[in-house]
Amino acid sequence: MSLQNLSDERLIEDTKMWNEKEEHCTRQFLRHINEVNRRRLFCDDKTGSLFKYIRKNFNKSDSEISRRVLAAKTLRHVPYADKALANKQVTLTNLAEVSNLVENIKSKKKKNEILDSIKGKTQTQTRELVDELTGKKRATRSKTHSHSDGSLRIHLTLVGQTAKDYDFLKEQLSNNGIYKPEEVIGHAINSTAESMRKKIIGMGSRKSKVITNTRAISAAIKKAVMTRSGNKCENCASKYNLHFDHIIPYSLGGVSTIGNVRQLCSNCNTRAAIVALSQQKMDLYINQS
Ligand SMILES: [Zn+2]
């Protein structure tokens with residue numbers, strides 16, 4: 001039936017009905033992506049994160065995905081948020097804004113209080129509340145432009161402790177003739193990256209600690225695995241939060257050889273453990289709210 005033939009009353013009624021259905025579907029979608037996340041099922045799709053999984057499989061913009069993934073995270077930490085969403089007391093955007101805050105708070109009571117405090121609030125009001133509670137002054141958004149010569153142009157604003165640390169570093173480095181902002185920041189980036197690289201390879205200078213874990217993967221094995229993987233997750237190619245993983249788990253007698261060690265991102269590592277050791281067992285270590 002063409003909508004053009006509907007009466008005014010019916011058109012308004014139906015619009016309302018479809019909106020209700022859409023909101024219901026959104027809540028169901030959030031519940032489902034949370035379960036996909038609990039099982040880390042997106043790793044089977046080699047997408048490495050819930051965000052990338054949704055981007056690959058569903059027709060949604062990045063901002064729509066981001067809002068849903070963050071709102072779903074709030075639902076994991078504050079189950080009662082689902083009811084508040086159903087009762088139209090909070091919006092998806094509100095829930096997304098507080099997701100990192102509720103994730104980092106242990107007390108269930110406090111989590112619920114935060115949810116209560118954002119009821120009926122706009123996005124800006126919710127943001128202000130989050131800033132107030134975290135004591136953070138929000139930095140203006142930084143912009144990055146890559147140039148064809150490999151250089152990077154970054155506009156950034158440093159606030160709070162970071163601004164103080166910058167001043168301190170600048171003062172210290174001025175003795176070495178380093179004054180320009182790009183030199184000061186370059187120095188900070190280089191030395192942080194250097195120490196991270198050493199940690200990853202597990203070969204520090206004499207001063208720094210050699211990282212070994214109880215599962216004892218030697219520096220040589222780690223280096224060989226990193227060469228093979230190109231320092232990427234060997235399942236989804238992510239470059240972030242990389243871990244060395246025993247293909248046959250250490251707890252099941254797996255050994256630390258090149259053939260049994262691989263580099264996985266944190267999510268793919270968790271998924272592998274779920275498959276090898278069971279969801280029930282891994283729920284004791286992960287997915288805790
Ligand atoms: Zn991965």
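## Close-up views of a predicted model

**View 1. A salt bridge joins Glu-35 and Arg-38.** The closest N and O atoms of this pair are 3.1 Å apart; a salt bridge here is a side-chain nitrogen of Lys or Arg within 4 Å of a carboxyl oxygen of Asp or Glu. Because Glu-35 and Arg-38 are 3 residues apart in helix H1 (residues 8-38), about one helical turn separates them. Helices (H or I, at least four residues) and strands (E, at least two) are DSSP runs, numbered from the N terminus. The structure holds 16 salt bridges.

A word on the model: it is predicted, so local features need pLDDT of at least 70 and side-chain atom pairs count only at pLDDT 80 or more, while totals for chains, interfaces and linings use all residues. Residues are numbered from 1 along each chain as its sequence is written, and side-chain values use heavy atoms, with hydrogens and water left out.

**View 2. Strands E1 (residues 143-146) and E2 (residues 152-155) form a hairpin.** The two pair in the antiparallel sense over 4 bridges; pairing requires that DSSP finds at least two bridges between strands. Look for His-145 opposite Arg-153 of E2. Between the strands lie 5 residues, and Gly-150 in the turn has a positive phi of about 90°.

**View 3. Four cysteines hold the zinc ion.** Its protein donors are the SG atoms of Cys-233, Cys-236, Cys-265 and Cys-268, at 2.3 to 2.4 Å; donors are N, O and S atoms within 2.8 Å of the metal (3.2 Å for Na, K and Ca), and sites may look incomplete as water is not among the atoms. The 4 donor atoms subtend angles of 101 to 118°, so the arrangement is tetrahedral (four donors, all angles between 85 and 135 degrees). Along the sequence, the donor residues follow the spacing C-x2-C-x28-C-x2-C.

Terms used:
Four donors count as tetrahedral if all angles lie between 85 and 135 degrees; four count as square planar and six as octahedral if opposite donors are over 155 degrees apart and all others between 65 and 115; anything else is irregular.
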